[in-house]
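Thank you all for coming; I would like to take a few minutes on one model, starting from a single residue and its salt bridge and ending with a sheet. Please have a look at it before I go on.

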Amino acid sequence: MDNKKVKASYSLRAVLGRMLKKAADQNPRLFAVCGIYTIAAAVYPFLAVALPGLLLGELQKGSQASLEAVFGIVAGYFVLAALFGFVRTFLNEGTYSKLSFLRLDYVRASSVKIMEMAYPHTEDASFLQKYEKALIATQSNDNGVEGIYHKLFEMPAVFLTVAALGVFIGRLSLWIVAGLFLNLAVMVWVSAKNHSLRYEKKEEEAAWSRRIGYYNRATCDFTYGKDIRMYGLKNRILENYREQIEGYRSLNRMLSGREYRLGLAGLIAALVSDMLTYGILIARTAGGMSIADFSMYLTAVLTLSACLRQAAEQIRFVIQEGQYVHELYRFLDEDLGEKGGSHPAVADGTLEVVFDNVSFRYPGSETYVFRHLNLTIQKGERLAVVGINGAGKTTLVKLMMGLFDVTEGEIRINGIPIQNFDKKALYSMFSAVFQDINIMAFTVRENVAGRLSDIDDKRVDHVLAQVGLTEAVDSLPQKTGQMMLKVIDEDGALLSGGQSQKLAIARALYKDACMVIMDEPTAALDALAEAEIYENFSELVKGKTAVYISHRLASTRFCDHIALFEGDGLAEYGTHEELMERRGRYYEMFMVQGKYYTQKGGESRECV
Ligand code: ADP
């Protein structure tokens with residue numbers, strides 16, 4: 001994203017206003033707690049300021065009574081310091097988790113946003129990059145949203161202390177206060193300058209780190225071990241490493257150099273302020289001010305100086321992290337939702353899908369995946385979609401399911417233009433199994449049913465049996481109630497790649513939608529398991545329109561038609577016999593695969 005644009009539209013006031021409103025809506029008591037904390041935390045440093053002056057004043061008297069007063073002062077100091085210190089710490093600690101809850105609410109809001117946004121965003125690299133930045137604002141307790149909430153909670157106390165000490169010291173000399181504020185102004189300026197420098201170069205720095213990280217992972221990941229040795233990649237990797245590290249180093253050298261020069265300005269401002277403070281205090285003491293007052297004012301100046309530094313740091317932090325929160329708000333405010341029509345799901349049992357002169361290229365891409373594609377998938381038909389990798393097989397089903405909109409032409413489902421359907425209704429009409437299987441950290445039955453309640457357990461058992469998973473699930477301690485994965489439950493079950501694929505097929509069967517789509521669902525299965533799924537396929541999709549994507553041509557034997565994709569569209573279409581007779585591309589591919597299988601397995605096309 002354009003950094004200038006971010007800066008131009010970035011309004012810290014608006015960001016903080018929204019954050020405070022959220023806190024007020026969620027937990028208005030936080031403001032009262034912050035008020036009490038502010039008083040306790042602002043009184044605390046004054047105790048330390050008053051103590052040395054009071055002690056010196058009494059000690060200088062040198063009488064028995066003054067010695068007793070010293071004990072009284074020390075005891076009083078400890079009691080008050082303990083009391084205010086306790087209140088301060090207690091309230092700060094107690095509020096910590098409440099501020100974390102505010103952050104978790106933002107985490108939840110962004111998760112909902114992602115799950116509800118239009119699907120194409122999930123495949124758009126530039127969008128993901130932008131989203132990553134927004135997510136940083138919710139990732140930790142100490143930065144972003146929560147970091148700012150913590151600072152906003154503490155800042156009033158620091159500001160109150162600064163104001164009170166400023167007035168106290170200002171009554172002695174406004175010059176000392178002016179010197180301290182000058183120092184603060186320079187510190188804030190230096191820090192803001194440094195930050196904007198780093199922010200400007202953030203993407204460049206991230207790019208260098210990412211590249212270094214890649215080579216680091218490649219060398220530390222043992223799965224690369226064989227390739228590195230067999231192909232002598234070591235020197236190539238080391239050379240790249242050297243280049244990336246050099247790039248990273250020169251960028252950092254440039255940044256550090258500028259930071260160092262800016263740091264000098266800060267140093268000069270601190271010197272001026274110190275000279276003013278000590279010069280004026282010494283002059284006043286020479287002019288008759290007591291040592292006790294000297295000591296008290298010096299402690300006050302040192303405390304104010306520390307508070308100013310803290311305030312500067314807090315302001316810098318809020319400005320810096322506010323940019324991330326601003327990006328989070330931009331993300332949450334952006335209209336990213338699915339844009340569909342209002343047509344409900346069709347009620348005619350199964351689907352007919354017509355691609356009418358469809359052309360398609362991915363958003364942001366110049367290359368057409370399809371040009372003028374005409375294809376009809378009849379009701380109840382089983383269509384095998386074949387073709388080499390990258391031919392557009394998966395894209396075909398993404399269009400059919402309304403995950404992407406066509407660039408030109410029209411897709412109709414049972415005669416209704418696909419864009420007229422309500423998106424949720426559209427998704428409900430498809431049972432799909434994709435190549436990348438995602439098992440969730442739910443129980444087995446929840447994974448199969450895709451929901452938490454109203455699960456038909458008989459159906460769960462039935463579909464698990466259909467895909468041949470009964471035995472595996474029965475061997476789990478909690479059977480279908482067994483939690484999956486180890487993320488939530490340490491005893492969660494892990495399935496093999498093939499078993500996961502079967503579970504995904506079971507999920508599609510449980511859904512029992514009008515149309516079944518299987519996108520290379522057997523890629524992770526061994527030959528036997530694959531044959532088992534093939535054999536059951538007709539049964540699995542009985543009475544439904546089904547699309548079966550595979551680059552293995554053996555899958556075509558139980559399909560009514562075969563559509564072979566190549567280049568920018570449909571290259572061949574027909575039954576297996578028709579395409580074999582045609583002696584075209586399908587025939588060629590079939591012969592190559594058949595030969596391979598025959599040679600390998602001693603069998604013909606049935607052997608996969
Ligand atoms: P297949 O399923 O036949 O292997 P795909 O449908 O996945 O092929 O991909 C077809 C073409 O579209 C490929 O060139 C692929 O690189 C490209 N492609 C796939 N997804 C995207 C995307 N999200 N953005 C841009 N191009 C894509």
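This is a predicted model: local features need pLDDT of at least 70, side-chain atom pairs count only at pLDDT 80 or more; totals for chains, interfaces and linings use all residues.

Let me begin with Arg18, which counts as partly exposed because its relative accessibility is 37%, where buried means under 20% relative accessible area, exposed over 50%, and partly exposed in between, with a 1.4 Å probe and protein chains only. Residues are numbered from 1 along each chain as its sequence is written, and side-chain values use heavy atoms, with hydrogens and water left out.

Which residue does Arg18 form a salt bridge with? The partner is Asp333, with the closest N and O atoms 2.7 Å apart; a salt bridge here is a side-chain nitrogen of Lys or Arg within 4 Å of a carboxyl oxygen of Asp or Glu. This pair links distant parts of the chain, since Arg18 sits in helix H2 (residues 12–26) and Asp333 in helix H11 (residues 291–333), 315 residues apart; helices (H or I, at least four residues) and strands (E, at least two) are DSSP runs, numbered from the N terminus. Asp333 is itself partly exposed, at a relative accessible area of 47%.

The whole structure holds 19 salt bridges, and another of them joins Arg198 to Glu259, with 2.9 Å between the closest N and O atoms. Here Arg198 belongs to helix H7 (residues 174–200) and Glu259 to helix H10 (residues 234–286), 61 residues apart. Within helix H10, Arg249 and Glu246 lie 3 residues apart, about one turn of the helix, and their side chains meet in a salt bridge at 3.4 Å, N to O; a network of salt bridges links Glu246, Arg249 and Arg253.

Turning to the sheet, 6 strands form an open arrangement in the order E6-E7-E8-E3-E9-E10, with mixed pairing, two strands being paired if DSSP finds at least two bridges between them. Strands E6 (430–433) and E10 (569–574) stand at the edges with a single partner strand each, so one side of each has no neighbour in the sheet. Strands E7 (residues 515–519) and E8 (residues 545–549) run parallel and are joined by 5 bridges, and Ile517 has Val547 in E8 as its bridge partner.
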